[in-house]
Amino acid sequence: PEGVTSIGTNAFDGCSNLASINIPEGVTSIGGSVFNGCSNLASINIPEGVTSIGTNAFDGCSNLASITIAGSVTMIGTSSASSNVFRNCTSLKEVVFLDSDKTLYLGCDTYSSSSSSTGSGMFKNCPLETIYVGRILDYTAEMRNGYSPFYSVQTLKSVTLCDKDTNIRDYAFKGCSSLSNINIPEGVTSIGREAFYDCSNLASINI
């Protein structure tokens, strides 16, 4: 009901018949693994006011086809732990990060500090096709500590970037082999290391 301000860790973990849920305005945090394994969850509204979404929050929500992230959210996952927030969302094709002047930090999956180890990205096993980014996204993207949230999303076809961000970060779309074209918006002053590495279907780029 109205008045709830937070949803704790594992609150609905394993509720495999849960098909929809209305999160009231006033909720500011959604804990880790909240909807883990909710395989029938088809839609969810993240209202304005939510500032954080925990690690593995939607892991295994295999019926979730799209999700819109409110402009108030400033943290998804964590900066220090595996952040497979949307792992195994095997129907997820569209993600929208609503317009905002607030920077959103996305936690990346990291396995170890070994130079031979790589992260898996936030959208592991998701058939993600479309991303709209209406704000600045930030994440840890060092070679030995993990890749970008969109690392190796091989189904990704369309990315819309905002003109608020001056920097396309290291490894941003590395391994996104279905990405066919990209428009670099006004305001961007730098493109990071290996940002479009292995984008083997990239046919045009507008800078």
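**Rings, core and strands in a predicted model**

Me: What makes Lys 174 count as sitting over the ring of Tyr 197?
Reply: The charged end of Lys 174 is 4.8 Å from the centre of the Tyr 197 ring. A charge sits over a ring if NZ of Lys or CZ of Arg is within 6 Å of the ring centre and within 35 degrees of the ring normal, so Lys 174 and Tyr 197 make the list.

Me: What ground rules apply here?
Reply: This is a predicted model, where local features need pLDDT of at least 70 and side-chain atom pairs count only at pLDDT 80 or more, while totals for chains, interfaces and linings use all residues. Residues are numbered from 1 along each chain as its sequence is written, and side-chain values use heavy atoms, leaving out hydrogens and water.

Me: Why is the pair of Phe 58 and Phe 86 called what it is?
Reply: Rings of Phe, Tyr and Trp (its six-membered ring) pair if their centres lie within 6.5 Å; planes under 30 degrees apart count as stacked, over 60 as edge-to-face and the rest as tilted. That rule gives seven aromatic pairs. For Phe 58 and Phe 86 the centres are 5.6 Å apart and the planes are at 0°, so this pair is stacked. Phe 58 is in the loop between β5 (52-53) and β6, and Phe 86 in the loop between β7 (75-76) and β8, 28 residues apart. (Strands are DSSP runs of E, at least two residues, and helices are runs of H or I, at least four, numbered from the N terminus.)

Me: Are Phe 58 and Phe 86 buried or exposed, and how do you know?
Reply: Buried means under 20% relative accessible area, exposed over 50%, partly exposed in between (1.4 Å probe, protein chains only). Phe 58 comes in at 0% and Phe 86 at 1%, so each counts as buried.

Me: What about the pair of Phe 123 and Phe 150?
Reply: Stacked as well, with 5.7 Å centre to centre and 5° between the planes. Phe 123 lies in the loop between β9 and β10 and Phe 150 in the loop between β11 and β12 (158-160), so the pair ties together parts 27 residues apart in sequence. Phe 123 and Phe 150 are both buried. Ring pairs also build a cluster whose members include Phe 12, Phe 35, Phe 173 and Phe 196.

Me: What makes a nonpolar core, and which residues have the most contacts inside the largest one?
Reply: A core is a set of buried Ala, Val, Leu, Ile, Met, Phe, Trp, Tyr and Cys residues joined through side-chain atoms within 4.5 Å. The largest has 51 residues, and those with the most contacts inside it are Ile 53, Phe 58, Ile 76, Phe 86, Leu 92, Phe 97 and Phe 123. The elements giving two or more residues to this core are β6 (66-69), β8 (94-97), β9 (104-106) and β10 (130-133).

Me: What is Ser 152 called, buried or partly exposed, and why?
Reply: Its relative accessibility is 31%, so Ser 152 counts as partly exposed. Ser 152 has a positive phi of about 60° although it is not a glycine.
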